[in-house]
Amino acid sequence: MAASGGEATAEAGKLLFSLDVPFPTSREADIALHSLSPDREPRKGGISKRLTVSGSTLSWSADEARILRVSVNSFLDHLSLVVETMEMFGPPVSH
C-alpha cells in the first residue's frame, strides 16, 4: 500500500496538506476511516481537518500552518498503526 498525493501548498498565508491512501478494498478504507476519524475539537480556532473515503481511498487534509506539522506527524503515526494492525489480522471478513 502506497500513499499518494501528499502535498503542501501555501495560499493566502495558510498551508494545506493533503494525503490520499489507497487500500485494497473499500471495506478496509472504511475501517481506517472509523479508526482515524478525529474527535471533536476541544477548542475553537484550531486546525481544520477532514477525513473521507471514496471507493477504496482514504483522504485526509488539514490546514493552518501553526500546528500543521504536529498534526500531520500524529496522523501518520496513527495511520501506520491502523495499517500494521490490518496487515497483522488479515483482510476483514464480510458479514
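Leu79 touches Leu19, Val21, Phe23, Leu36 and Leu58, leaving aside residues up to four places away in sequence; a contact here means heavy atoms within 4.5 Å. This is a predicted model, in which local features need pLDDT of at least 70 and side-chain atom pairs count only at pLDDT 80 or more, while totals for chains, interfaces and linings use all residues. Residues are numbered from 1 along each chain as its sequence is written, and side-chain values use heavy atoms, with hydrogens and water left out.

Let's start with the core around that leucine. Leu79, Phe23, Leu36 and Leu58 touch the most other members of the largest nonpolar core, which has 19 residues. Such a core is a set of buried Ala, Val, Leu, Ile, Met, Phe, Trp, Tyr and Cys residues joined through side-chain atoms within 4.5 Å. Buried means under 20% relative accessible area, with a 1.4 Å probe and protein chains only.

In soluble globular proteins, nonpolar side chains tend to be buried together.

Now for the fold as a whole. The protein has two helices and four strands, arranged along the sequence as β-β-α-β-β-α. Helices (H or I, at least four residues) and strands (E, at least two) are DSSP runs, numbered from the N terminus. Of the contacts with a separation of 6 or more, 50% are between residues 24 or more positions apart. Buried residues make up 28% of the 95 residues.

Which residues of α1 are buried? They are Glu28, Ala29, Ala32, Leu33 and Leu36. Seen down the axis of α1, these residues fall within an arc of 145°, so they line one face of the helix; the arc is that of the directions from the helix axis to the C-beta atoms.

In helix α2 we also find Ser71, which counts as buried because its relative accessibility is 12%. The C-alpha atoms of Ser71 and Lys49 are separated by 9.1 Å, with the two residues 22 apart along the chain.

A friendly word on confidence: pLDDT is the predictor's confidence in each residue, from 0 to 100. The mean pLDDT of the protein is 76, and 67% of its residues reach 70 or more. Helix α1 has the highest confidence, at a mean of 90, and strand β1 (residues 4-11) the lowest, at 50. Where pLDDT is low, the predicted coordinates should not be read in detail.

Conventions
Buried means under 20% relative accessible area, exposed over 50%, partly exposed in between (1.4 Å probe, protein chains only).
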